[in-house]
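Trainee: Could you take me closely through one part of this model, the packing of a pair of helices, and then show me what surrounds that part?

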There are 2 protein chains.
Amino acid sequence: MSIDSVAIIGLGLLGGSIGLAVAEHLPGVQTRGFDADPEVRSRASDRALVGEVCDDIVDAVRGADLVILCVPVGAMGMAASAMKPGLADHAIVSDVGSSKQGVAQELERVLPGHTVIPAHPVAGTEQSGPDAGFASLFHQRWCILTPPDGCDHARLAELRGFWEALGSTVDIMDAAHHDLVLAVTSHIPHLIAYTIVGTASDLEEVTRSEVIKYSAGGFRDFTRIAASDPTMWRDVFLSNRDAVLEMLGRFSEDLTALQRAIRRGDGDALHDLFTRTRAIRRSIIEQGQDDARPDFGRGDHE
Amino acid sequence: MSIDSVAIIGLGLLGGSIGLAVAEHLPGVQTRGFDADPEVRSRASDRALVGEVCDDIVDAVRGADLVILCVPVGAMGMAASAMKPGLADHAIVSDVGSSKQGVAQELERVLPGHTVIPAHPVAGTEQSGPDAGFASLFHQRWCILTPPDGCDHARLAELRGFWEALGSTVDIMDAAHHDLVLAVTSHIPHLIAYTIVGTASDLEEVTRSEVIKYSAGGFRDFTRIAASDPTMWRDVFLSNRDAVLEMLGRFSEDLTALQRAIRRGDGDALHDLFTRTRAIRRSIIEQGQDDARPDFGRGDHE
């Protein structure tokens, strides 16, 4: 691998975790970082998220072999434009955005002639900001690369090697297919979680205090992902609109069918679905993508 | 408290946990248990979930001061009928069902003249069966009692004392209000989780293996509650039909509004909702109803 220096633009949960992971797993690789928010830069310095925090985005990317944009997908184009004067000709430009077609188009528009290889590490928590990152965020998590047609194989291999060094398993995928898969496994779950938490807080018959008190019945699981960063998620839904609307349509049809089964008292239809859904959970645990302990290991189960 | 003996009917997650919690917190109280499934009875004996496992429901309840039905809400009436010949006149009959109006009506129909005080400990995990129970399940969890009009205050105080001894905080609520509150905080979240997991497993464009691989993007949180006991949940939806359909209607309206915002590119509407929903998460954590660590403490965040 010939990536000796990495520039990280945006020092929140993802950017900070990349910096810390590089320090741990690739100690010979230099890191520089930038964030548009001075307070974030200050916290990033305190926590040593990167080797050097720069006050200017152009300085941060200057000479870097790899530049990773860790900003909301709606801000990718602007960040790319701003850093362009410092960008080395040989640099790989990548990102960590949760939608890929829109980001790819935007980066190629702003940075023609540069090597752009969009990436999406499927990892995160509900926390955000410079205090949220940790070095093991990518351990045993998938990182999806969506190289454009005609992408140089050697450059792709370098980026793959980088993510594998951080503990990820890399998958290569077409950007459009990525956006469809992630609409199902990530975007729609977030949208639904935000919706039900919103519905619950708007009720008149049930107080917010009751919702909070009795959240252990299931609701609290939804509040975790509904606490994720609002700007990041707004941009994801706007950027991946078509796939999200398509998958949302399927979900709504299925929900309407269940609603009908409940209204008609069709217990068999309910039982059939509720039995099928257990198998997926088992597979997710077998493949190490979730914690097998009850309640994800929350609390003090003896 | 004058509850010296407890009969537990149904020795799954809830029944087994009550037996273990009584042994830990109320060692002077005798427990007997019954389950319709001989294999469950055998495991219950092995794990000593209750002091004595009976092969006959009538023997299990004979002389008990408190009888707790821990069976799916659709089986409450049948269990109550079957145990009736052994039921002491002075016994309090209670349960742990997740819906309360239907259970109350059924128990009062089958056991006229008996003291029936329905209960709902808002606690559980996605596991079920006699191996799933543990003594601390009710620690710092709410237990809602829905006494009927004219319920004897002394008997209600006894049942409250029992649950408090197991580590719960008790709330008293009207059964109809309970069903509305729990429709929001538990039943609808389960229904939505079952639906999205079903939708994801039925797709043709996205393989099941992809859904599993990339589930860490949010989907896996839903699979936890969609792994809950199918029979229990079928019965909850049939039993609490009106409140579930009412709340489902509100959720669907809200989801349609978000869908419209995405289609029209209305980022402000999305951002507003996504910001509002963070506050509820904070309150849930402050009130000790969930784990504040990122990802519920899953994994190895250093």
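Mentor: In this predicted model, helix H7 (residues 175–201) of chain B packs against H11(B) at an angle of about 65 degrees, and the two axes lie 9 Å apart. Since angles of 65 to 115 degrees count as roughly perpendicular, H7(B) and H11(B) are therefore roughly perpendicular to each other. The crossing in which H7(B) passes H11(B) is right-handed. On the side of H7(B), the residues that meet the partner helix are B:Asp179, B:Leu180, B:Ala183, B:Val184, B:His187, B:Ile188, B:Leu191 and B:Ile192, while H11(B) contributes B:Ala243, B:Val244, B:Met247, B:Leu248 and B:Phe251. Sorted by class, this contact of H7(B) with H11(B) holds 11 nonpolar residues, one polar residue and one charged residue.

Helix H7 (residues 175–201) of chain A and helix H11 (residues 241–264) of chain A pack at an angle of about 65 degrees, with 9 Å between their axes, which makes H7(A) roughly perpendicular to H11(A). Here the crossing of H7(A) and H11(A) is right-handed. The contact is formed by A:Asp179, A:Leu180, A:Ala183, A:Val184, A:His187, A:Ile188, A:Leu191 and A:Ile192 from H7(A), together with A:Ala243, A:Val244, A:Met247, A:Leu248 and A:Phe251 from H11(A). By class, the contact of H7(A) with H11(A) comprises 11 nonpolar, one polar and one charged residues.

Helix H11 also takes part in a contact between the chains. H11(A) and helix H11 (residues 241–264) of chain B pack at an angle of about 165 degrees, and their axes are 11 Å apart; H11(A) and H11(B) are therefore roughly antiparallel to each other. H11(A) passes H11(B) in a crossing that is left-handed. Among the residues of H11(A) that meet H11(B) are A:Val244, A:Leu248 and A:Phe251, and the residues of H11(B) in this contact include B:Val244, B:Leu248 and B:Phe251. The contact of H11(A) with H11(B) has, by class, 12 nonpolar, four polar and four charged residues. Returning to the part you asked about, B:Val244, B:Leu248 and B:Phe251 are also among the residues of H11(B) that meet H7(B).

As for the chain as a whole, chain A has 12 helices and nine strands, and its C-alpha trace spans about 65 × 40 × 35 Å along the principal axes. With 302 residues, a compact globule would have a radius of gyration near 19 Å, and the 21 Å of chain A agrees with this.

Notes
Residues numbered from 1 in each chain as written. Chains lettered and ligands numbered in written order. Predicted model: local features only at pLDDT ≥ 70, side-chain atom pairs only at ≥ 80, totals over all residues. Heavy atoms only, no water. Axes fitted to C-alpha atoms, helices over the stretch in contact; angles between N-to-C directions. Helix = DSSP H or I, 4+ residues; strand = E, 2+ residues; numbered from the N terminus. Parallel < 35°, antiparallel > 145°, perpendicular 65-115°, else oblique. Left-handed = near helix turned anticlockwise from the far one by under 90°. Contact = heavy atoms within 4.5 Å. Nonpolar A, V, L, I, M, F, W, Y, C, P; charged D, E, K, R; others polar. Rg over C-alpha atoms; globule rule 2.2 N^0.38 Å.
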